[in-house]
Amino acid sequence: MNTKNFTKQNSHLDLNDPEVQKFFFLYEDHAEVPYISPQRNLKEWLNLVSIGSESLVPKQNMVRFEEDILPGHLILLWRINFGTFTTISGYPKYFEYNYGINAAQALNEIQQKGYAKELSAIDSLPYLNAAQLKAILKKFGVTGYSKLKKSELTELAKEQLTEEQLAPHFKIRGYQITPAGKALLIKYPEVVDRHPKKKF
């Protein structure tokens, strides 16, 4: 049974479970077995594979680069690079079913490796709408904002309020790719090149 790098993403699995064993058997020729979410109905998925309605994660997507990351990590970095990815963004199904990664875990890993970072409250202000910005300004007694546009409200909040004041009042934070992360995308352009594109 292919258990290479098993603990990196699938330590929650019971290797004695017959369905888990069937899953691992399907990926016997892959560099490692893709991530299986605890929420996945494995029995149903195995049946869909048997009738051709579901596909396996491509072999090339389960080969780690020298940085100990998978192609899916690079797709996550590419997604963050659009500037719209936040702490409340969902993870598309393709991260698990096409790239074989636990996207939430991958997000932590690319931050730990210095390829991306979570933004501060001040730098995350653009992710709030005008009403939310006005509510925060009002809470701190800032005046003269009633006719301001969202971009102007953001600048006013940055000028008048500190990180310590802002942080407790909203939870959303953006993510930003670092120069090291951008260099990684340049190093492995083929991963993004073969990914289906759409505008975000």
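Let's start with helix 2. V20, F23 and F24 are buried there. Those three span an arc of only 95 degrees around the axis, so they sit on the same side of helix 2. This is a predicted model, by the way.

What do the buried residues of helix 2 pack against? Helix 1, residues 6–9, and helix 3. The N-terminal end of helix 2 has a cap, and the capping residue is D17. One of its side-chain oxygens lies 2.8 Å from the backbone nitrogen of E19.

Next, salt bridges. How many does the structure hold? Seven. I'll go through some of them.

Take E96 and R40. Their closest N and O atoms are 2.7 Å apart. This pair links distant parts of the chain, 56 residues apart. E96 is in helix 5, residues 94–97. R40 is in the loop between helix 2 (18–26) and helix 3 (42–50). Are these two buried or exposed? Both E96 and R40 are buried.

Then K93 with E54. Here the N to O distance is 3.9 Å. The cut-off for a salt bridge is 4 Å, so the pair counts. K93 lies in the loop between helix 4 (71–80) and helix 5, and E54 in the loop between helix 3 and helix 4, so this bridge ties together parts 39 residues apart in sequence. K93 has 53% relative accessibility, so it counts as exposed; the threshold for that is over 50%.

D68 comes out at 29%, so D68 is partly exposed.

Last stop, helix 6, residues 103–112. L107 is found there. Its relative accessible area is 4%, so L107 is buried. What is L107 in contact with, leaving aside neighbours within four places in sequence? L76, I80, F85, Y91 and Y175. And for I88, 19 residues from L107 along the chain, the C-alpha atoms of the two are separated by 13 Å.

To recap: helix 2 has V20, F23 and F24 buried, the structure holds seven salt bridges, and L107 is buried in helix 6.

Notes:
Residues numbered from 1 in each chain as written. Predicted model: local features only at pLDDT ≥ 70, side-chain atom pairs only at ≥ 80, totals over all residues. Heavy atoms only, no water. Salt bridge = Lys/Arg side-chain N within 4 Å of Asp/Glu carboxyl O. Helix = DSSP H or I, 4+ residues; strand = E, 2+ residues; numbered from the N terminus. Buried < 20%, exposed > 50% of the residue type's maximum accessible area, 1.4 Å probe, protein only. Contact = heavy atoms within 4.5 Å. Arc of directions from axis to C-beta. Polar contact = N/O pair within 3.5 Å; in protein donor to acceptor, adjacent residues only side chain to side chain.
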